[in-house]
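Hi,

Here is the structure I promised to pass on to you. Have a look at it first, and then read my notes below.

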Amino acid sequence: MTTAERDEILRALCDALPPARVVVEEGVLARLARDALHPARLPEAARTVRPLCVVCPQSTAEVAAVVRVANATRTPLIPMGGGSGLMGGAATVTPGIVLDLRGLQAIRIRPADRMAEVGAGVTIKALNEAAAPYRLMCGHDPWTVAVATVGGTIATNSLGYLGGKYGAMGDQVLGMEVVLPTGEVLVTRAVEKASTGPGLHRLFVGAEGCLGIITHATLRLFPLPQARRLQGWEFPDFDTGFAAIQALFDAGLQPALLDYGDDDPSPAGDPPAALMLGFEGPQRVTEAEAAEAAALCRQHRGRLLPQRRVETFWEHRHLIGDAYAEARASGKPWHERRPLLDFLHVALPPSAVPAYRRQCLQRLFERRLHVHQTGLWVYAGLFSVVYSGADVATLAAVHGELLELCHQAQGAMEYCHGVGLRLAPFMAREHGVGLEVLRRLKRSLDPLGILNPGKLGLNGTA
Ligand SMILES: Cc1cc2nc3c(=O)[nH]c(=O)nc-3n(C[C@H](O)[C@H](O)[C@H](O)COP(=O)(O)OP(=O)(O)OC[C@H]3O[C@@H](n4cnc5c(N)ncnc54)[C@H](O)[C@@H]3O)c2cc1C
């Protein structure tokens, strides 16, 4: 792009919006060119570049005005919320306009409907603070509660600690306002359930800003729980605890919190594994569920851990997310201070978990990698593995192999962080013909391909 073309885009933006909303300061451009994806985890072909500018709209009309400029000048638009995404979904790979949506800050709590009308830039923490005086809360509780925004969490269909009871972020959405890539504004009806055709709002859940820009959402709220019962259990090894977790679900229990895993499994054998469980809701229901779960865990060789351990886990659950929020806000380095780890969060049919875990460990040990943890989150089939200890190329190769094993086990390659740049090369194998369906949708909604190019594997044609 020539300097004259760049100046023309900036002029058009400053004509369409108050000029103070258009930022070209170098420090801001550098910071907002990236999200939380570690640069070493970018696929080989992808590189982040400086955006042309950052635009900070404060209303739906301003977002639509930016989209019209982007269309007229064929400039890429990259929607960004808190910038905490781990897949590069908000990273700039083609010079364009970063649309910083944190200025969309409206919050209206509707206690009689147990709903909140929220701007896309509101963080989950701020939403909870606004809902608390009504004794209501958002059902989504990610590690990054202080930084992740309503728009970003919907666009990645994020999952939180309490997902087992309240669902993922996509399940919180009743209605949505979306600026389409053409500049039209789509509003869906915010009701519990409609049977008037496919739920259009679902089109934008997990779409990572490639099909439209979420400006507002009407979200479900839940009563603050009357009671919360936390339990920590230790099992002799991963497979024994896994059998206990399966027994909990077989019995029809629905833990609000389920966080399970072992630390440092080695070729010498499996260490003990710890299960953090939580039930919440009306007092008597919660007590009954917790008692049932305790009986099942004991039957499956579980040993009750000191209560302080699970309480500390609960109190500390947002610490890493809070640290990221602080680093992001202050511009302090984040990745540079952290070791190069790699990880997978795959969704499997539950019965496939033990065999998949063994396959992963075998591949990782063959390469002499250090496995920090294997674990489950929220449901019996949501499996993760964290490892380190090799150069970037080896980590990338092993990551590809573990994803292939996941697909062979009929799994989906990610359960909460989305696709972004990181998993885009694997979308054809993930979706088969479905990828072409998604690409047709993309072409029909965004004929000029201006919205978040390079993400979700939607730019190809085959
Ligand atoms: C330490 C740490 C812990 C984490 N823990 C969790 C966790 O517990 N659970 C979890 O699910 N994730 C977790 N994540 C990942 C991240 O917090 C989530 O993906 C979150 O949903 C991203 O929200 P955001 O506002 O930061 O979005 P961003 O990173 O800004 O954007 C994410 C994607 O959404 C798009 N987007 C953003 N806003 C909009 C909008 N208004 N309209 C359309 N598209 C938009 C972007 O283009 C991008 O593709 C964690 C990340 C870190 C760094």
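Strand S13 (residues 257–263) pairs with S14 in the antiparallel sense, over 6 bridges. In that pairing, Tyr 260 stands opposite Leu 275 of S14. Before I go further, please keep in mind that this is a predicted model.

S14 has a partner in strand S12 (residues 227–235) as well, again antiparallel, this time over 9 bridges. There, Arg 229 sits opposite Phe 279 in S14. How many of the residues of strand S14 (residues 273–281) are buried? The count is 9 of 9, and the strand is mostly covered. In a regular strand, side chains alternate between the two faces of the sheet. For S14, both faces are covered: one side carries Ala 273, Leu 275, Leu 277, Phe 279 and Gly 281, the other Ala 274, Met 276, Gly 278 and Glu 280, and all of these are buried.

Strand S8 is another covered one. Since 7 of the 7 residues in S8 (residues 173–179) are buried, the strand is largely enclosed by the rest of the structure. S8 pairs with strand S10 (residues 213–220) in the antiparallel sense over 6 bridges, and Gly 175 is placed opposite Thr 218 of S10. S8 is also joined to strand S9 (residues 185–187) by 3 bridges, with the two running antiparallel. In this second pairing, Glu 177 has Val 187 of S9 as its bridge partner. S8 and S9 make a hairpin with 5 residues between them, and Gly 183 in the turn has a positive phi of about 100°.

Arg 114 has a positive phi of about 50° and lies in the loop between strand S5 (107–110) and strand S6 (115–119). With a relative accessible area of 46%, Arg 114 is partly exposed. Arg 368 has a positive phi of about 60°, and its place is the loop between helix H12 (353–366) and strand S17 (370–377). Is Arg 368 buried or exposed? At 74% relative accessibility, Arg 368 counts as exposed.

There is also an open sheet of 4 strands, in the order S1-S2-S4-S3, with mixed pairing. Strand S1 (22–23) and strand S3 (77–80) stand at its edges; each has a single partner strand, so one side of each is left without a neighbour in the sheet. S1 pairs antiparallel with strand S2 (residues 53–55) over 2 bridges, where Val 23 has Val 54 of S2 as its bridge partner.

Two loop residues may interest you too. Ser 84 is in the loop between S3 and strand S4 (97–100), and with 16% relative accessibility it counts as buried. Leaving aside residues up to four places away in sequence, Ser 84 touches Ala 36, Thr 144, Val 147, Ala 148 and Tyr 324.

The other is Glu 414, in the loop between helix H13 (392–408) and helix H14 (427–431). Glu 414 also counts as buried, at 16% relative accessibility, because the cut-off for buried is under 20%. Which residues does Glu 414 touch, not counting those up to four places away in sequence? They are Met 87, His 345, Val 346 and Leu 423. The C-alpha atoms of Glu 414 and Leu 382 are 8.8 Å apart, with the two residues separated by 32 residues along the chain.

Finally, some figures for the whole chain. The secondary structure comes to 15 helices and 18 strands. A compact globule of 462 residues would have a radius of gyration near 23 Å, and the 22 Å of this chain agrees with that. The C-alpha atoms fill a box of roughly 70 × 55 × 45 Å along the principal axes. Buried residues make up 55% of the 462. Among contacts with a separation of 6 or more, 72% link residues 24 or more positions apart. The chain exposes about 19700 Å², with carbon and sulfur atoms supplying 54% of it. As for charges, the mean positions of the 46 positive and 46 negative ones are 2 Å apart.

Notes
Residues numbered from 1 in each chain as written. Predicted model: local features only at pLDDT ≥ 70, side-chain atom pairs only at ≥ 80, totals over all residues. Heavy atoms only, no water. Rg over C-alpha atoms; globule rule 2.2 N^0.38 Å. Buried < 20%, exposed > 50% of the residue type's maximum accessible area, 1.4 Å probe, protein only. Contact = heavy atoms within 4.5 Å. Areas by Shrake-Rupley, 256 points an atom, 1.4 Å probe, with all protein chains shown as cover. Lys, Arg positive; Asp, Glu negative; His and termini not counted. Charge placed at Lys NZ, Arg CZ, Asp CG, Glu CD. Pairing = 2+ DSSP bridges.
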